[in-house]
Amino acid sequence: MSNTDKSVAAPKAGVVTTRWWWVRHAPVREDNGCIYGQKDLGCDTSDRVVFDAVGKILPRNASWYASTLKRTHQTADAIWAAGFPKPASMPHVKDFAEQHLGEWQGMNRAAFLASRPAGSHWFAAIDEAAPGGESFMDLYNRTCGAIVRINAEQAGRDVIVVAHGGTIKAAVGLALGGQPERGLVFDIDNCSVTRLDHIASDGHSGWRLPMVNQQPWIADASHNAMHQPAGPEIAPSKLA
């Protein structure tokens, strides 16, 4: 079949595809095994192999965004330091910050999660607000609002967002037809890449999920058994 054959698939007239590339920040090591939520902790960007691999699958000439928390800025810096061309700008979007977990922030994470029902995918039910903080639905709604705005501003382009596990789960829930609880089922590992395509045409729109939680560094022989966990978890009995 020749490239001029009309049966060859080609972009349909009037169809606009905006490709979202979500990158979760690098692992936080200074949390002492505690829940950190919106606490502005730094992250470990020492593994250049990981950031080189992530950069190799991200598109050039994309519009970059990050949350307002510094661990996302440090992760972006590490990708650029590994050789990815640094963009002219990277707006910091407050609505892409992690869920504010209020009084739960600073509590031992392992003990807190052990107190939750078996099989729970998050810190609480989607509509349960942390004392002094917000619920996952609050996170979901603000994340979706920012996505809608940026979709309009960057229609037809590649968009890279360096964000957080909860934020990316919210975006996946939106792509699954506006079902935030479904997004919580997915693992989103540190430094992983998730791609969600928004497709719009003639008053209709929808999402496609080409990949979720991709970890491109495992293709390197020295990293074939490696992942980027946040932690390590510290049991309460081992705390000083």
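These are my notebook entries on what I looked up in this predicted model.

**Ground rules**

I number residues from 1 along each chain as its sequence is written, and my side-chain values use heavy atoms, with hydrogens and water left out. As the model is predicted, I ask for pLDDT of at least 70 for local features and 80 or more for side-chain atom pairs, while totals for chains, interfaces and linings use all residues.

**Entry 1: the outline**

I began with the elements of the chain and found six helices and five strands. I take both as DSSP runs numbered from the N terminus, helices being H or I with at least four residues and strands being E with at least two. Read from the N terminus on, the order is β-α-β-α-α-α-β-α-α-β-β.

Next I looked up burial. I call a residue buried under 20% relative accessible area, exposed over 50%, and partly exposed in between (1.4 Å probe, protein chains only). Of the 240 residues in the chain, 48% are buried.

The chain exposes about 11500 Å², and carbon and sulfur atoms supply 52% of that.

I also checked contacts, meaning heavy atoms within 4.5 Å. Among contacts in the chain with a separation of 6 or more, 77% are between residues 24 or more positions apart.

**Entry 2: the nonpolar cores**

In soluble globular proteins, nonpolar side chains tend to be buried together. My term here is nonpolar core: buried Ala, Val, Leu, Ile, Met, Phe, Trp, Tyr and Cys residues joined through side-chain atoms within 4.5 Å.

Which members of the largest core touch the most other members? I found Trp20, Trp22, Phe96, Trp104 and Val161, out of 32 residues. At least two residues of this core come from each of β1 (16–24), α4 (136–153), β3 (158–163) and α5 (165–175). Helix α4 gives the largest share, seven residues. Another core lies apart from this one; I noted 27 residues in it, including Val28, Val54, Trp64 and Ala76.

**Entry 3: Phe96 and the ring pairs**

I stayed with phenylalanine 96, which is buried at 0% relative accessibility. Leaving out residues up to four places away in sequence, I found that Phe96 touches Trp20, Trp22, Ser67, Arg142, Thr143, Ala146, Ile147, Ile150, Val161, Ala163, His164 and Thr167.

A pair of aromatic rings is described by the distance of the centres and the angle of the planes. I pair rings of Phe, Tyr and Trp (its six-membered ring) if their centres lie within 6.5 Å; planes under 30 degrees apart are stacked, over 60 edge-to-face, and the rest tilted. How many aromatic pairs does the structure hold? I got eight.

One of them is edge-to-face between tryptophan 22 and phenylalanine 96, with 5.3 Å centre to centre and 80° between the planes. This pair links distant parts of the chain, 74 residues apart: tryptophan 22 sits in strand β1, and phenylalanine 96 in the loop between α2 (70–81) and α3 (109–114). Tryptophan 22 is buried too, at 1% relative accessibility.

Why is the pair of tryptophan 64 and tryptophan 80 edge-to-face? I noted that the ring centres are 5.4 Å apart and the planes lie at 65°, so the pair gets that label. Tryptophan 64 belongs to strand β2 (residues 63–66) and tryptophan 80 to helix α2, 16 residues apart. Both tryptophans are buried.

I also found a cluster in which ring pairs link Trp104, Phe112, Trp122, Phe123 and Phe136.

Is aspartate 197 buried or exposed? I found aspartate 197 buried, at 0% relative accessible area. Its place is strand β4 (residues 193–201). Beyond four places in sequence, aspartate 197 touches Thr17, Thr18, Arg19, Trp20, Gly206, Trp207, Arg208 and Pro210.

For polar contacts I take N or O atoms within 3.5 Å; within protein, one must be able to donate a hydrogen and the other to accept it, and residues adjacent in sequence count only if both atoms are side-chain atoms. The side chain of aspartate 197 makes one with the side chain of arginine 195, at 2.8 Å.

Aspartate 44 is partly exposed at 24% and lies in the loop between β1 and α1 (48–57). Its side chain has polar contacts with the side chains of arginine 29 at 3.3 Å and serine 46 at 2.7 Å.

How values were computed
Accessible areas come from the Shrake-Rupley method with a 1.4 Å probe; for residues, only the protein chains shown count as cover.
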